[in-house]
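Biologist: I have a few questions about how the labels in this structure were reached. Could you take me through them?

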Amino acid sequence: MTARRVSILGATGSIGRSTVAVIEELRAQGKEIEVEAIAAGSDVEGIAELARRLRPAFVAVADESRADDLRAAINGAPVAVAAGRGAVIEAAARPADWVMAAIVGVAGLDSTLAAIDRGATVAIANKESFACAGPLVRDAAARSGAVILPVDSEHNAIFQVLLNVERVEKVTITASGGPFRSASLETMRAATPAQACAHPNWSMGAKISIDSATLMNKGLELIEAAYLFDLPAERLDVLVHPQSIVHSLVHYADGSVLAHMAAPDMRTPIAHTLAWPDRARVSTPRLDLAKTGALTFEAPDVHRFPALQLARTALEAGPKASCALNAANEIAVAAFVDGQIGFLDIARLVGEVLEQLERKELGGFQKSPSSFDEVRAIDQAARKTARAIADGWRH
Ligand code: NAD
Ligand code: MG
């Protein structure tokens, strides 16, 4: 692997910190990796501590009200600092040859795009960028020559075993099933945010943990896979695999099925994108299949997990519907975390938003959005509708 200049967007989060861990391990091996920029939402203390360790040239937080706190926390270190949404975009636009896009939610779209637009290699964890604007993100990369490397473990797995796209019959995305895989609907109805966040196999940020509990995460991943690999919905399948060892499978025309396996640790896909097309040596847990024992698979229960079907329907309806689904889900997850709605209401709210928008504001979902402004308008409309419905449910 050659010397690299990297930036990390969402550096203080779960993926961000795993990225830092990989970089520090490779630096300890003598690899020359310079950090150009790091960015976060509002965690000033977290980003300042990372700045001391990584010595980046530029540090950004999105929360403008914390500009002075950031300066104070950086405390005279020789690094440029800035706050506000523009600062996060600047972090992405600065000259790093590899950018980790790991901001959670649509909040990550503009910075992900800024890195893509200047033709960087962009490791994308921020799946919501794909869910809300898949075709436009893909077009932007084609225009600039940016290389997009998927970080999401399933998509990274598919990327690694996708050898001959024209001969692919089907792709199966695996799902752990989340904390409620075998829970009753009664248990799920009463689930608290803490229970929904207690993922059996992965330690992740709150939003994706709740998405994993509803299986909306898998739904967003269907959409992500469709746009990343240019596959129609009918050639994408979901299979529940509670051990999270097989990260996805690609089925070929001759009956061969190539699976990717690894211990469930995000440092593995992150290291893959950082070293690609080479491979790095990282101290992630090694797979010991004799110890793991049985690997089991089952079909997802669409009755208890309606989010999966909602996402599939949105994918089939087109990119506008996917954008609305993603936005409504962000509002629904936030409302659940705030105690405003119950766990099962998350998918119910998303379904209701899609129905209302399709009927009224969007005049159908057939046409693709032609610009990012149009994407933002759909995103905002879906958020507004979701908030209004959730407020109505509370009273
Ligand atoms: P997280 O909540 O742990 O971290 C989110 C990061 O984004 C933090 O650094 C936060 O400060 C930053 N952020 C939040 N709002 C921001 C804003 N408006 N502007 C700038 N920065 C902002 O989340 P995570 O689990 O690390 O997930 C990050 C992304 O990666 C998500 O899109 C998630 O779906 C995806 N992903 C995560 C995992 C995982 O294992 N955690 C796996 C696959 C994909
Ligand atoms: Mg995933």
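Modeller: Gladly! Helix H12 gives three residues to the lining of the second largest pocket, the largest share. Please keep in mind that this is a predicted model.

Biologist: Which elements supply at least two residues of that pocket's lining?

Modeller: Strand S11 (257–261) and helix H12 (267–275) each do. The lining has 16 residues, and Thr268, Arg279, Val282, Thr284 and Arg286 lie nearest the centre of the pocket. Its volume is about 340 Å³, and by class the lining holds eight nonpolar, five polar and three charged residues.

Biologist: Why are Asp152 and Glu154 called buried?

Modeller: Buried means under 20% relative accessible area, and both Asp152 and Glu154 are in that class.

Biologist: How do you know that strands S1 and S5 pair?

Modeller: A pair needs at least two bridges. Four bridges join S1 (residues 4–9) to S5 (residues 98–101), so the two strands pair, and they run parallel. In one of these bridges, Ser7 has Val99 of S5 as its partner.

Biologist: And what makes S4 and S7 edge strands?

Modeller: The open, parallel sheet has the order S4-S3-S2-S1-S5-S6-S7. Strand S4 (80–83) and strand S7 (147–150) each pair on one side only.

Definitions and conventions: Residues are numbered from 1 along each chain as its sequence is written. Chains are lettered from A and ligands numbered from 1 in the order in which they are written. This is a predicted model: local features need pLDDT of at least 70, side-chain atom pairs count only at pLDDT 80 or more; totals for chains, interfaces and linings use all residues. Side-chain values use heavy atoms; hydrogens and water are left out. Buried means under 20% relative accessible area, exposed over 50%, partly exposed in between (1.4 Å probe, protein chains only). On a 1 Å grid over the protein atoms alone, a cavity is a set of points where a 1.4 Å probe fits but cannot get out, and a pocket is an open set with protein on both sides within 12 Å along at least five of seven lines; lining residues have an atom within 4 Å of a point. Grid points are joined across faces, edges and corners, and a volume is the space filled by probe spheres set on the points. Ala, Val, Leu, Ile, Met, Phe, Trp, Tyr, Cys and Pro count as nonpolar, Asp, Glu, Lys and Arg as charged, and the others, Gly among them, as polar.
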